[in-house]
Amino acid sequence: MRARDLLIDIDPLRTSPDFRAIFIARVVSLFGLGMATVALAFQVYDLTGSTLDVAVTSMIMSVTVLLGSLWGGWMADRSDRRRLIMCARGAAALAFAGLAVNAFLPEPQLWAIQLCVAWDGLATGVSVTALMAVAPGLVRPDQLPAAGALISLTGEIGSITAPLLGGVLLAAAGPGPVFAFAAFTTAVTTALIARIRPLPPVEETDTDTDTDDGDGDGDGNGNGNGNGVRDNGSPLVALRYAVRNRVLGGLLALGGVTAVFNLPVVLFPEMVAERFGGDEVTLGLLYTAPAIGSVLVSATSGWIGRTARPGQLLLAAAFTGGLATVGFGLSGRLPVAVLALAVVGAAGTVYEILEYALVQHNTPDRLRGRIVSVVTAQGTTGGVVGDAEVALLARWFSPGAAAVVNGAVCAGAAVLVALLIPGVRRATLPREDDDHTADSAGPAAPITPVRDGEPAKG
């Protein structure tokens, strides 16, 4: 393998102007959002002096993102996805503008902050779900892993740099300018999304039914023994399709476990105080370590899209991340803990890239918005439930023991899925030299739009 084959594959950016616009929009949006997150926590605590109020504000965001994701997934399969994203990002810009206006008042109000946070959470849930449903239609099928790696890289870089820049601007000018900057970047995102082509919903065909194809490869494209269940637009149709599909069902099962028993970030402050005897710098190092591992993998992710057995690699990544979390829980020295966290971040990124590609490849476009919303909702609710779960374990036992339990559960879940749901283990992805992609002249086949409830005539 050549050294350049290890580097992240940027081919989707070169060949698809629409995906390039989506990518740039995501980068700009994440920087503004990451900076605003720091300012939001600071302002709430500064106004109230209560960590509970900070937690309540964060909970409001989580709940509204969940609701927005579910509604956005339903709408993404019924309306033009470009227009839906533009409206959602425009609404988010108004929410940040409201936060900025409130911050510049002589006496900022907590209720106004939480109202704007709820509005932004709904808008963000809609836009994130619609954006995830849009991306696969803008690239070739064999470019899905590369697209997933590029999308993952934007989030990781944003998580490292945006909070730091937000802290600098916050210290220099206060929360008002930070929120104003977030409103500006969100408006720029809306303008970038406006540049891509319209993406109307697709027409359901006779073979495009709620079914697992039954051929053992888990492609679920409706080319096998369809059961004839028509899509009436209900989210339950998409969920039923996902559960019956041999790949999607396994991914949802494994994703549900890993979302709840994920890396216990909430334990970091207590572990720093009780085990590592460190200070704020040590705490920051623990938070940064997973992101460093993630960025290293994303930057060298070219090999991931070329693997012949993506399902096996995904399961191996989930198992490795679980073992590394166990290692973090058992570690007694800071360098070992940092290394374990970096491995967790690296394994998690491999998992996310392949999960993205496999979910998109095995989902018909007419169901993509709703199935993506299920995956997004799973991650959101899993994070909330997981924080409570690991906090209880840490109280009953110890923070280190809680991390060991979480890691063991994730590793065990990967083994069980590999044994009990062979569709995930056998899952494959299109490759550049496959017949069905080699002749592809563009990012996606033309789609038949639906207007006013009726298929457009060809």
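The model is predicted, so local features need pLDDT of at least 70 and side-chain atom pairs count only at pLDDT 80 or more, while totals for chains, interfaces and linings use all residues. Residues are numbered from 1 along each chain as its sequence is written, and side-chain values use heavy atoms, leaving out hydrogens and water.

## Overall picture

Let's start with the fold as a whole. The protein chain has 17 helices and 2 strands; helices (H or I, at least four residues) and strands (E, at least two) are DSSP runs, numbered from the N terminus. Of the 458 residues in the protein chain, 50% are buried. Here buried means under 20% relative accessible area, exposed over 50%, and partly exposed in between, with a 1.4 Å probe and protein chains only. Among contacts (heavy atoms within 4.5 Å) with a separation of 6 or more, residues 24 or more positions apart account for 82%. The accessible surface comes to about 20,400 Å², and 65% of that belongs to carbon and sulfur atoms. Accessible areas come from the Shrake-Rupley method with a 1.4 Å probe, and for residues only the protein chains shown count as cover.

## Two helices

Two of the helices can be set against their expected span, which is 1.5 Å times one less than the number of residues.

| Helix | Residues | Number of residues | First to last C-alpha | Expected span |
|---|---|---|---|---|
| α2 | 17-48 | 32 residues | 46 Å | 46 Å |
| α13 | 334-361 | 28 residues | 41 Å | 40 Å |

Helix α2 is followed by Gly49, whose phi is positive, near 65°. How is α13 placed relative to the rest of the structure? Helix α13 is largely enclosed by it, because 20 of the 28 residues of α13 are buried. His361 is also found in α13, and it counts as partly exposed at 22% relative accessibility. His361 and Val247 are 114 residues apart in sequence, yet their C-alpha atoms are 10.0 Å apart in space.

## Nonpolar cores

A nonpolar core is a set of buried Ala, Val, Leu, Ile, Met, Phe, Trp, Tyr and Cys residues joined through side-chain atoms within 4.5 Å. The largest one has 63 residues, and Phe19, Leu254, Leu314 and Ile371 have the most contacts inside it. Helix α13 gives the largest share of this core, with 9 residues. A second, separate core of 20 residues includes Leu267, Phe276, Ala289 and Val390.

Which residues does Leu254 touch? Leaving aside residues up to four places away in sequence, Leu254 touches Leu314, Leu315, Ala318, Tyr351, Ala413, Ala414 and Val417.

## Salt bridges

A salt bridge is a side-chain nitrogen of Lys or Arg within 4 Å of a carboxyl oxygen of Asp or Glu. By this rule the count comes to 8 salt bridges.

Asp11 has two partners to look at. With Arg14, its closest N and O atoms are 2.5 Å apart; both residues lie in helix α1 (residues 11-15), 3 residues apart, about one turn of the helix. An α-helix has 3.6 residues a turn, so residues three or four places apart point the same way. Asp11 is buried, with a relative accessible area of 11%, whereas Arg14 is exposed at 59%. Asp11 also forms a salt bridge with Arg140, at 3.5 Å from N to O. Because Asp11 lies in α1 and Arg140 in the loop between α5 (110-134) and α6 (144-173), this pair ties together parts that are 129 residues apart in sequence. Both Asp11 and Arg140 are buried.

Another pair is Arg368 and Asp365, whose side chains meet at 2.9 Å, N to O. Both lie in helix α14 (residues 365-396), 3 residues apart, about one turn of the helix. Is Arg368 buried or exposed? Arg368 counts as buried at 9% relative accessibility, while Asp365 is partly exposed at 23%. The two belong to a network of salt bridges that links Asp77, Arg81, Asp365, Arg368 and Arg370.

Phe319, Leu323, Val415, Leu416, Leu419 and Leu420 make a nonpolar surface patch of about 590 Å². Patches are made of residues with over 30% relative accessible area and no salt bridge: like charges are joined within 9 Å, and nonpolar side chains (Val, Leu, Ile, Met, Phe, Trp, Tyr) within 5 Å. Helices α12 (310-330) and α15 (399-420) each supply at least two residues of the patch, and α15 gives the most, with 4 residues. Leu419 lies in α15 and is exposed, with a relative accessible area of 63%.
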